[in-house]
Amino acid sequence: MVIMLRAEMGNASEKMHYVGGSKTSWGPSNVNLTEWSSHETFYVGDWLYFGYDKYQYNVLEVNETSYEKCIDKDFIKNITGGAGRDVFNLTQTKTYYFLSGGGYCFQGLKVAVNVLRPMPPAPAPTSTSSSSTSTTATFSSSLLLLLLLLLIVI
């Protein structure tokens, strides 16, 4: 299982975005998700983390029309895993649309995420620094550990 996750993770530049800015922001709150999204930069390979009350909310990927009109039928994908802690990998350069059904979308529980092409890799340094390599390995290991923990909990 670890080998499959590492293959999906790719390089260490991938980022986990907590939707709304915290681990429990997917729910009616003082967080304006449109505002939050406009201040984030999303790249192909990044991850979204949706944290919410599993007894009240869900996470649905929808098309633009459904997003604008808060239509929770005929969704593209139900992201809801049942634990209230769901992750979603941004795999394409496009705008993704997410909402919560049950009328919560009308209360602002929706977000659009514009995903950009991955940044080109930085040029290789002329001299290898062990601290730089160690930092990258630690970040990559930490992200892998976080995903493993999420999979175990779910």
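1. The protein chain folds into 4 helices and 8 strands. Helices are DSSP runs of H or I with at least four residues, strands are E runs of at least two, and both are numbered from the N terminus. From the N terminus on, the order is α-β-α-β-β-β-α-β-β-β-β-α.

2. On provenance: this is a predicted model, where local features need pLDDT of at least 70, side-chain atom pairs count only at pLDDT 80 or more, and totals for chains, interfaces and linings use all residues. Residues are numbered from 1 along each chain as its sequence is written, and side-chain values use heavy atoms, with hydrogens and water left out.

3. Burial next. The protein chain has 154 residues, and 36% of them count as buried (under 20% relative accessible area, with a 1.4 Å probe and protein chains only). The exposed surface comes to about 9,300 Å², of which carbon and sulfur atoms supply 56%. Those areas come from the Shrake-Rupley method with a 1.4 Å probe.

4. Look at strand β7, residues 95-99. This strand is largely enclosed by the rest of the structure, because 4 of its 5 residues are buried.

5. Strand β7 has pairing partners, where pairing requires at least two DSSP bridges between two strands. With strand β8 (residues 110-116), β7 runs antiparallel over 5 bridges. Tyr96 has Val113 in β8 as its bridge partner. Strand β4 (residues 60-62) also pairs with β7 in the antiparallel sense, through 3 bridges. There, Leu60 is bridged to Leu99 of β7.

Technical notes:
Buried means under 20% relative accessible area, exposed over 50%, partly exposed in between (1.4 Å probe, protein chains only).
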